[in-house]
Structure formats: structure tokens, C-alpha cells
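Work through the exercises below with the model open. Each task is followed by its solution.

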Amino acid sequence: MKKKKNISFWLFLAPALISFALIVIVPLIIGIYYSFTDWNGIGVPNFIGITNYAKALGDEDILAALLGTSATPGFWSAFFFTVKFTVVSVIVLNALGLGLALLVTQKMKTSSFLRTIFFMPNLIGGLILGFIWQFIFINIFSAIGSATGLTFFNSWLTDQHTGFWAMVILFSWQMAGYLMIIYIAALQNVPEDIIEAAKVDGASSVKRFRYIVVPMIMPAFTVSLFLALANSFKMFDQNLALTNGQAGTEMLALNIYKTAFTFNNFGQAQAKAVIFFILVAIITLIQVSLTKDKEVEV
């Protein structure tokens, strides 16, 4: 009887396992193999050892890339720009997502309508969003600058500093509504009797939020931080559509894409992708481990 149950278990699980192996595991193994070759995307690849990794990691001075003074921006410039973008985006996204969740969980007649409005940008593709915001930054911002005489609104996408904030605005506008849904689900699961007991004891709204709500929604923080972290690191289509990496706004995913499809150096692009994968995996695992430790059982 037990043997039959084991067979039926593996039969039901087999389609998912085979699909996962074909879509994720096999391409990953093939990609790692190509990272040790000189493949240009067309010809027969030749094994060249760790040459691609050495070129990827040594294509520019790390200190100059960190300080933003590199004469020939490459892997490290894109990496540090991606890290900076990720740090800022994770903070802004989660602050906005939690703030919107707190807003729409109040007793308001427009709560359902606001939830729909805030979530809608997440339904639009990254490329389309990029072109929409490109129009806003180039045409509408310039028109506002001309009308008001404020130079602040001019040339947002031709400068690294303003281009960076343009991408943060675009990404936050797209993702905040998605994280809002996660925080709403967590906030609605906070027991009302505990909140009421705290009110009776005289705890202020700030103290109730700090010492009761926040610990109880820590699982939502774990998930939201992970999603914000992973998606910020992997951001590609918005970067391509909004700035195309011009003026020092090239992120790592776009850098890998250009290495492969602009310079036809697929082997080196694969090496960068493997390094990128390892770095993102390490950072996200550390984040999940740290935030999981702070979760409390209700």
C-alpha cells in the first residue's frame, strides 16, 4: 500500500520536476559550460578555461568604478550602479508598499478603488512603462521646466544622477502596488483582540504599530524584501526602454545583454551572468535568513 502511494506521488510530481529541469536546470548547466568557451553565438565553441571570468572581473579598475570615475565603464560600474539602485529601491518600495497598505486598510469608502488604482501599474509591461516614463521625463518635464524656468526639470535622462532617480521613480511606481497587496494580507491577519488590549493599556498608535503590528507582519517583510531585492537586481526592460544605459545608467542585466548581443561575446556574457547569479543568490539568502530570524509565531 505504501509502495503504491509512493509511485502515485512521484507520478503526480514528475511533470513539474521534468518541466523545472528542462526550463531551469538544463539551461543553467549549458550556460555554465558556455561561460568557459569563446562562443560568439554562431560558431563552434572552444574551451578557453576561466579566461571569460578573468576578462569580466578585470575589465576595469574596481576602485574607479566604485567612485564613479572609471574611464571605460564595464562590469564593475554596472554592478555598483545596480547595487546602489537596489539599496534605494528596496527601501523606497517597502516604505511605499507598507504606507499604501496602511492607507487602504483604513475604513474608507474608496479603499477598494484605491487598491485597484495602486496595483494597476504592475499589470503594465516593463518596456511599455519605460517608454511611458521616457515621454514624461523628456517631454512633460521639459515643458514644465520651460514654463516655470526651473532647470531642475531639464535633461533628466542625460545625467547619471537624475537618470538614477528616474529609474527609481519608474520602478517604485510599478512595484509598490504589488508589495501593497502582500502587506494588506499581513495587516488583516493581525489579531484585533491584541490591538484592543493594547489600547486598553494606554499604548499609543505609534507604540502599537512598533511593538505589535511590525513583529506580527515580519513574514510579509521577508517576502517583500526578497521580491524587491531580486527584482531590483534583475531589472532589465525598464532600464533598456528608459535610458538604454546611457549617461552611466547601465545596470548589470543590460550590461550582460549588450556583451552578448551588441558585441557578440556570448561566452563572456555567460561568465558575467554566472557571477551575477552567484552574487544575487548570496545576497538574497542572507536577507531571507536575517529577516526570518525576526519573525514571531502568533
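**Exercise 1.** Sort the lining of the largest pocket by residue class.

Step 1. Count: six nonpolar, four polar and five charged.
Step 2. Note the source. The model is predicted: local features need pLDDT of at least 70, side-chain atom pairs count only at pLDDT 80 or more, and totals for chains, interfaces and linings use all residues. Numbering runs from 1 along each chain as its sequence is written, and side-chain values use heavy atoms, without hydrogens and water.

**Exercise 2.** Give the volume of the largest pocket and find its centre residues.

Step 1. Define a pocket: on a 1 Å grid over the protein atoms alone, an open set of points where a 1.4 Å probe fits, with protein on both sides within 12 Å along at least five of seven lines; lining residues have an atom within 4 Å of a point.
Step 2. The volume, the space filled by probe spheres set on the points, is about 580 Å³.
Step 3. Among the 15 lining residues, Thr 105, Gln 106, Glu 192, Ile 195 and Val 213 are closest to the centre.

**Exercise 3.** Describe the second largest pocket.

Step 1. Its volume is about 490 Å³.
Step 2. It has 19 lining residues; Leu 28, Lys 234, Ala 273, Phe 276 and Phe 277 lie nearest its centre.
Step 3. The lining divides into 15 nonpolar, three polar and one charged.

How values were computed:
Nonpolar A, V, L, I, M, F, W, Y, C, P; charged D, E, K, R; others polar.
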